[in-house]
Amino acid sequence: MATFFSTVFSSPNPLRSKSILHYNQQLTVKCNAAAAPPLPTEVRTFWKWLCDEKVVSSTSPAKPGTVPEGLGLVAERDIGRNEVILEMPKKFWINPDTVSASEIGKVCNGLKPWISVALFLIREKLREENDYSPWRNYIDILPEYTDSTIFWSEEELCEIEGTQLLSTTLSVKEYVKNEFLQVQEQVILPNKRLFPFVVTFEDFIWAFGILRSRAFSRLRGQNLVLIPLADLINHSPSITTEDYAYEIKGAGLFSRDQIFSLRTPIPVKAGQQVLIQYDLNKSNAELALDYGFIESTPDRNTYTLTLQISDSDPYFDDKLDIAESNGTKAVQYFDITLGRPLPPKMLPYLRLVALGGTDAFLLESIFRNSVWDHLELPVSRDNEEVICQVVRSACQSALSSYRTTIEEDEKLKGGDLDRRVEIAVGIRSGEKMVLQHIDGIFKEREMELDEYEYYQERRLRDLGLVGEQGDIIFWEPK
């Protein structure tokens, strides 16, 4: 069976997520602003700066507040659904255009957008206090770290041993390190006048984490942008609307300026946090990596199954041609979510990868335009049995790599756990439940192998050679 599947279960590509850069920080709970402690000096200074710049005022519907997550936006009065709570002019955004217009713009030309913005953030953070920059008002309120797994210690990472999140986290950190070493050599060290301070990998991972957790995406013409004040808004798992709570619009009928507009998707009472939904499509692993929180809802638990057509497969070229003709690749990722059916193309792809022996005739050119239709249904008992056995074996192997069982994790839930340990317990138990879910699906298929109708039987039936009772019809020669 190993000859059919070069790789069955492995970690997903750490940089293939639907939106690698997004925004803010932690799981939210509604709070009463009246009971909140006073704002830190840096936040009061930040608010005064925005007031002085006429971006906000004493009548603004929401202001920064101290909340269980740290900082958030708290309603100053009752706010209606879809009401605009702030508008931020483009000159207060931080994006690649901001970098291009800055002192380091020329040396950042040609860099990846996120790297140029990361260097801008680092430079603003490490400036001498007497080297004034208005961006200091914003930089000073940014956290030194979040609960994203990229900031976890080695001891904390041990809590997610065996998970896909661990390997993804390590891969992401390795990617960031490689980018840092390259930009250090090509940009930072040759330009001591612009970077008169020591820039470390820790500084670079900080900037990456800030962008990953706070940058807004899915905006018209803006794939990477930090919006001061707006990025204080926190996430609510109870908000399930997919309507975007933010947009870029024109500043006026005769103005070419742009404004970032933030609305509340639900009504908010005075003293409560203004909340939005970050992304309905992110898994718990993605939420933990990007923002440093997870949700308890089952459909956030996802496991990525990686299938690959083996390079040593004698039919590799034919299989690759069929795969690519039907929207898949030599290496294909399938995200499987707890309690949901398998992805539509997963079973056909599995059957294609396992195709061989007497079933290999389906790879002939005469079937090229129809082979995927045949793969939508069981091809043969041998083929179906192979995919069941291989997937179930991979599930058991993956389950054995965790340090704890689901039962042990469930006992820990609800206890007085450190926040990061709580995230770890939720991630590893969620992955294991998905693996059991996958194993259960293929166990059931394995038990029903004798009940399926396979290609040869379907072909005979189409030719009218199968009787009402399923028996094959023979004619005696005249």
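Student: Hi! Which residues does Lys432 touch, not counting residues up to four places away in sequence?

Tutor: Lys432 touches Leu399, Tyr402, Thr404, Thr405, Ile406 and Asp409. Touching is a contact, which means heavy atoms within 4.5 Å. This is a predicted model, where local features need pLDDT of at least 70 and side-chain atom pairs count only at pLDDT 80 or more, while totals for chains, interfaces and linings use all residues. Residues are numbered from 1 along each chain as its sequence is written, and side-chain values use heavy atoms, with hydrogens and water left out.

Student: OK, and where is Lys432 found?

Tutor: In helix α15, residues 419–447.

Student: Is Lys432 buried or exposed?

Tutor: Lys432 counts as buried because its relative accessibility is 2%. The cut-offs are under 20% relative accessible area for buried, over 50% for exposed, and partly exposed in between, with a 1.4 Å probe and protein chains only.

Student: Switching to annotations: which residues does the UniProt "binding site" feature cover along with Glu69?

Tutor: That annotation, from an unreviewed entry, covers Glu69, Gly70, Leu71, Arg214, Asn234 and His235. They are spread over 167 residues of sequence, yet they cluster in space, with a largest C-alpha distance of 14.0 Å. UniProt positions follow the numbering used here, feature names are shortened, and annotations may be inferred rather than shown by experiment.

Student: Where does Glu69 lie?

Tutor: Glu69 is in the loop between β1 (62–67) and β2 (70–75). Glu69 counts as buried because its relative accessibility is 7%.

Student: And where is His235 found?

Tutor: His235 is in strand β4, residues 234–235. With a relative accessible area of 0%, His235 is buried. A polar atom of the His235 side chain lies 3.1 Å from the backbone nitrogen of Tyr278. For a polar contact, a pair of N or O atoms must be within 3.5 Å; within protein, one must be able to donate a hydrogen and the other to accept it, and residues adjacent in sequence count only if both atoms are side-chain atoms.

Student: What is the bridge partner of Tyr246 in β6?

Tutor: Leu262 is the partner of Tyr246. Five bridges join β5 to β6 (residues 258–263), and the two run antiparallel. Two strands pair if DSSP finds at least two bridges between them.

Student: In what order do the three strands of the open sheet come?

Tutor: The order is β3-β6-β5, with antiparallel pairing. The edge strands, each pairing on one side only, are β3 (84–89) and β5 (246–250). From one strand to the next, the twist averages 25°; axes are lines fitted to C-alpha atoms, for helices over the stretch in contact, and angles run from 0 to 180 degrees between N-to-C directions.

Student: Last one: how many helices and strands are in the chain?

Tutor: There are 16 helices and nine strands. Of the 478 residues in the chain, 51% are buried.

Key. Helices (H or I, at least four residues) and strands (E, at least two) are DSSP runs, numbered from the N terminus.
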